[in-house]
Amino acid sequence: MTPQLEYPFNTLPAIGETLPVAPGVHWIRMPLPFALNHINLWLIEDGDGVAIVDTGYGLDTTRDAWNIILDGLGKPVTQIIVTHCHPDHLGLAQWLSEKTGADVLMTHGEFLAGHALWHQLPGYNVPAMLAQFRRHGLDEARCQALDGRGNAYKRGAPELPSSFRRLHDGDTLAIGGRQWHVITGFGHSPEHASLYCEAAEVLISGDMLLPRISTNVSVFAATPNDDPLGRFLDSIRAFRQLPETTVVLPSHGSPFRNIGLRVDQLIEHHDARCAELLAACTGPRSAGELLGILFPRELDTHQVMFAMGEAIAHLNHLEHKGAVCRFVGNDGILRFVKNN
């Protein structure tokens with residue numbers, strides 16, 4: 001029989017409600033205004049209080065749901081842990097911190113990247129992203145559509161913390177009398193923090209391991225030659241050392257078991273994507289020209305941003321492996337061709 005992921009929960013928590021998924025650990029599900037329409041957040045009982053893991057996107061419906069949950073808890077929030085800087089995770093951290101008086105905990109890389117995106121610093125702003133996409137051959141109509149969105153990050157994260165408690169890889173957080181170990185990962189974001197509790201047999205994976213979709217891995221304009229896909233694959237391979245009985249609590253989709261199988265599936269997925277691109281690069285091709293190979297379905301403007309970042313990431317990964325080389329054509333567009 002072909003091994004499969006095991007999904008231990010048949011129901012989803014309604015907005016404004018929580019669902020227990022492990023002793024002292026509760027699941028919250030909040031809306032997102034995208035095709036990927038939800039994010040999972042987590043509560044961990046912490047003595048006479050509760051710790052929050054991730055905060056949701058800056059929507060009034062999410063704030064209203066948090067108000068219902070916090071009023072129903074009847075206990076204080078002890079800390080607000082943010083896995084990474086993307087607005088569906090960090091978006092309401094400052095609002096929750098002001099509301100509850102709890103500190104925000106995150107890694108240094110995520111704190112700085114969040115502020116770089118929010119303040120539109122060089123290499124992290126919309127003009128830099130568009131210049132990168134144009135250089136990689138994205139058509140002008142799609143570039144103009146992306147330009148028209150402005151700073152979308154700021155809409156999802158209306159305000160950011162100006163200070164934080166720093167998390168490091170290997171740190172141990174004592175929450176509710178149990179030890180939660182910080183595991184940093186790379187590729188999806190600069191310094192993503194997952195949390196593992198051996199006693200509870202739980203991994204809060206954030207976006208590093210998702211059960212049904214592959215995590216977006218993109219190249220930022222600030223680091224145009226980077227290999228985030230290679231770093232992502234190295235990061236998720238480390239999860240193989242965790243017990244197969246571990247319940248993985250992902251940021252999107254439902255909790256699941258069989259962590260090693262999911263790691264293998266994701267590695268196979270990206271290997272297949274790279275093979276498709278390599279087969280298409282018998283002649284010089286740009287990321288924009290190859291977008292339809294990786295994403296044959298119709299993409300909205302939000303999805304185009306992620307798709308271009310991912311196409312560039314796969315081509316950079318092939319270059320780092322020596323499978324392709326890049327060059328700039330007479331039209332100024334950067335293309336890749338298979339090495340002999």
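Tutor: A crossing is left-handed if the near helix is turned anticlockwise from the far one by less than a right angle. Keep in mind that this is a predicted model.

Student: Fine. How does α6 pass α11, then?

Tutor: The crossing of α6 and α11 is left-handed.

Student: What angle and axis distance go with α6 and α11?

Tutor: Helix α6, residues 140–149, packs against helix α11, residues 301–320, at about 110°. Their axes are 9 Å apart. Angles from 65 to 115 degrees count as roughly perpendicular, and α6 and α11 are therefore roughly perpendicular to each other.

Student: Which residues meet there?

Tutor: From α6, Arg 142, Ala 145, Leu 146 and Arg 149. From α11, they meet Thr 301, His 302, Val 304 and Met 305. Sorted by class, this contact has four nonpolar, two polar and two charged residues.

Student: Why would residues three or four places apart in a helix point the same way?

Tutor: An α-helix has 3.6 residues a turn, so residues at that spacing point the same way.

Student: Back to Arg 142. What does Arg 142 touch, leaving out residues up to four places away in sequence?

Tutor: Arg 142 touches Leu 291 and Val 304.

Student: And how accessible is Arg 142?

Tutor: Its relative accessibility is 29%, and Arg 142 counts as partly exposed.

Student: How far is Arg 142 from Tyr 7?

Tutor: Their C-alpha atoms are separated by 38 Å, and the two residues are 135 apart along the chain.

Student: New topic: aromatics. How many aromatic pairs are there?

Tutor: The count is four aromatic pairs, taking ring centres within 6.5 Å. One of them is Phe 34 with Tyr 57. The ring centres of Phe 34 and Tyr 57 are 5.3 Å apart and the planes stand at 85°, so this pair is edge-to-face.

Student: Where do Phe 34 and Tyr 57 sit?

Tutor: Phe 34 is in the loop between β2 and β3, and Tyr 57 is in the loop between β4 and α1, so the pair ties together parts 23 residues apart in sequence.

Student: Is Tyr 57 buried or exposed?

Tutor: Tyr 57 counts as buried, at 8% relative accessibility. Phe 34 is partly exposed, with a relative accessible area of 27%.

Student: Last one, α3. Which residues of α3 are buried?

Tutor: Ala 93, Gln 94, Trp 95, Leu 96 and Ser 97, in a helix that spans residues 93–100.

Student: What covers the buried residues of α3?

Tutor: The cover includes strands β4, β5 and β6, and helices α1 and α2.

Student: And what follows α3?

Tutor: Gly 101 does, with a positive phi near 80°.

Key. Residues numbered from 1 in each chain as written. Predicted model: local features only at pLDDT ≥ 70, side-chain atom pairs only at ≥ 80, totals over all residues. Heavy atoms only, no water. Axes fitted to C-alpha atoms, helices over the stretch in contact; angles between N-to-C directions. Helix = DSSP H or I, 4+ residues; strand = E, 2+ residues; numbered from the N terminus. Parallel < 35°, antiparallel > 145°, perpendicular 65-115°, else oblique. Contact = heavy atoms within 4.5 Å. Nonpolar A, V, L, I, M, F, W, Y, C, P; charged D, E, K, R; others polar. Buried < 20%, exposed > 50% of the residue type's maximum accessible area, 1.4 Å probe, protein only. Phe/Tyr/Trp six-rings, centres within 6.5 Å; stacked < 30°, edge-to-face > 60°.
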